[in-house]
Amino acid sequence: MNPADIPPAMTCDPASSAETLMVAVQAIARGPLRQQVEAIDRGLYPASILRGLAQVGAMSAHLGAAGQPGDYGLAIRAMAEVSRVCGATGFMMWCQAVCGLYLQHSGNPALTGEVLQAHLRGEGLGGTALSNPMKSYAQIEHMLLRARAVDGGYLVSGTLPWVSNLGPHQYCGAIASVDEGSSNEPHELMFLLRCDAPGVEMRECPSFSGMEGTGTYALRLSDHFVGADQIIADPTRPFIASIRAAFVMLQCGMAVGVTQGAIDSMWAVEGQLGHVNQFLEDRPDALQAELDELTARVMKLAETPFDTRKEFFIDVLDARAHGAELCLRAAQSALMHQGARGYLLSSDVQRRVRESHFVAIVTPAIKHLRKEIARLSEEEMPA
């Protein structure tokens, strides 16, 4: 993207700043992003698009600045606007956004200074390698990275099969289980993992059915040294407990955006096919009403992203699951509404069906969400 294409910086007034940011995001999404969306689906990593989005504040609105609280609702709206055009780029926005969350909340001066500032400017692009740890905490998988203490830090080894928004000079937040001999207490280390660091190898993943341009790789670590300047949290569980609602909540931007894009596709053929599409279930007006209600619910939750109450987290998980299920229904219905033209490989509708599948299976997947809701909802029985 040409720097001249990036709209002016935001003003100091919060309402005006939010509106300016959204205008800037729309200009990128409906301009250069729309032109590249098919190439991104097939494997183009949109580095210039992501940097442009970072420069207008689209992936850092939730972090705030100068001691002021961030705006999670604005961050979700920006992500939804991009996902409405390209679900893959919306997903990478989420990766960048949560990586920034890790850096800012680490409390480590080595990460909250220039490293964070470069991240906010889009000079650094990063991902989140927390799919496996989140599944481990939910007792779905075992932790795949192992760490052992050495002088000055830790040595970490293991393999992570799927980590997105990466490149040779990029980075991600990662978690390793710490070996502590006979201790029965779980201990994990969270750290910033740089793809070009010693002991780190990037490997190509098998081809996906879509969203190939997400910079997704397998990472293999062999005695990779983690020093104090890389540590995000040690121990990790209190840190994860403090950010987990924000982590999951931000993903709602993807679901809202892909769903809205599907509804747009349904309205696009209403003039020609409405006389027969009226007999289909999940009509665009009904889906729009349901999406608007969900969006309002998410915006309310976004007012208090660091609420650590169990009941609040259940509400966040349920909203995220509702978003994924609505996304599946809307994309499927858009295909039915468009008919044969929606079955073309180059069709936005066909691409959006694949994007909706991703929204449903990316960690936390629908089954993971429902499992956690059930676990957290269990009443504690007296001894």
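This is a predicted model: local features need pLDDT of at least 70, side-chain atom pairs count only at pLDDT 80 or more; totals for chains, interfaces and linings use all residues.

Me: How many aromatic pairs does the structure hold?

Reply: There are 5 aromatic pairs in it. One of them is Tyr72 with Phe306: the ring centres are 5.7 Å apart and the planes sit at 90 degrees, so this pair is edge-to-face.

Me: Where in the chain are Tyr72 and Phe306?

Reply: They come from distant parts of the chain, 234 residues apart. Tyr72 is in helix H3 (residues 72–83), while Phe306 is in the loop between helix H11 (284–301) and helix H12 (310–338).

Me: And is Tyr72 buried or exposed?

Reply: Tyr72 counts as buried, because its relative accessibility is 2%. Phe306 has 34%, so that residue counts as partly exposed.

Me: OK, what about Phe91 and Trp94?

Reply: That pair is stacked, because the planes are at 20 degrees, with the ring centres 6.1 Å apart. Both residues belong to helix H4 (residues 87–105), and being 3 residues apart there puts about one helical turn between them. Phe91 is buried at 4% relative accessibility, and Trp94 is buried with a relative accessible area of 4%.

Me: Which residues form an aromatic cluster?

Reply: Phe91 and Trp94 do, together with Phe247 and Phe358.

Me: Switching topic: how many residues are in the largest nonpolar core?

Reply: It has 102 residues, and Leu53, Tyr102, Met190 and Leu250 have the most contacts inside it. H12 gives the most to this core, with 14 residues. There's also a second, separate core of 23 residues, with Val163, Val178, Cys195 and Val200 among them.

Me: Next, helix H14. How many residues does it have?

Reply: H14 covers residues 366–377, so to speak its 12 residues. From first C-alpha to last, H14 reaches 16 Å, close to the 16 Å expected at 1.5 Å a residue.

Me: Which of the H14 residues are buried?

Reply: Ile366, His368, Leu369, Glu372, Ile373 and Leu376 are buried in H14. They are on the same side of H14, because they cover an arc of only 160 degrees around the axis.

Me: What do those buried residues pack against?

Reply: They pack against helix H7 (131–137), helix H8 (237–250), H12 and helix H13 (348–361).

Me: Now the strands. How many residues of strand S5 are buried?

Reply: In S5 (residues 188–194), 6 of the 7 residues are buried, which leaves the strand mostly covered.

Me: And how does S5 pair with strand S4?

Reply: S4 (residues 171–178) pairs with S5 in the antiparallel sense, over 7 bridges. Gly173 has Leu192 in S5 as its bridge partner. S5 also pairs with strand S8 (residues 231–233), again antiparallel, over 2 bridges. There, Phe191 has Ile231 in S8 as its bridge partner.

Me: Last one: where is Arg283?

Reply: Arg283 is in the loop between helix H10 (270–277) and H11. It counts as buried, because its relative accessible area is 17% and the cut-off for buried is under 20%. Leaving out neighbours within four places in sequence, Arg283 is in contact with Met266, Glu270, Gly274, Asn277, Gln278 and His337.

How values were computed: Residues are numbered from 1 along each chain as its sequence is written. Side-chain values use heavy atoms; hydrogens and water are left out. Rings of Phe, Tyr and Trp (its six-membered ring) pair if their centres lie within 6.5 Å; planes under 30 degrees apart count as stacked, over 60 as edge-to-face and the rest as tilted. Helices (H or I, at least four residues) and strands (E, at least two) are DSSP runs, numbered from the N terminus. Buried means under 20% relative accessible area, exposed over 50%, partly exposed in between (1.4 Å probe, protein chains only). A nonpolar core is a set of buried Ala, Val, Leu, Ile, Met, Phe, Trp, Tyr and Cys residues joined through side-chain atoms within 4.5 Å. The expected span of a helix is 1.5 Å times one less than its number of residues. The arc is that of the directions from the helix axis to the C-beta atoms. Contact means heavy atoms within 4.5 Å. Two strands pair if DSSP finds at least two bridges between them.
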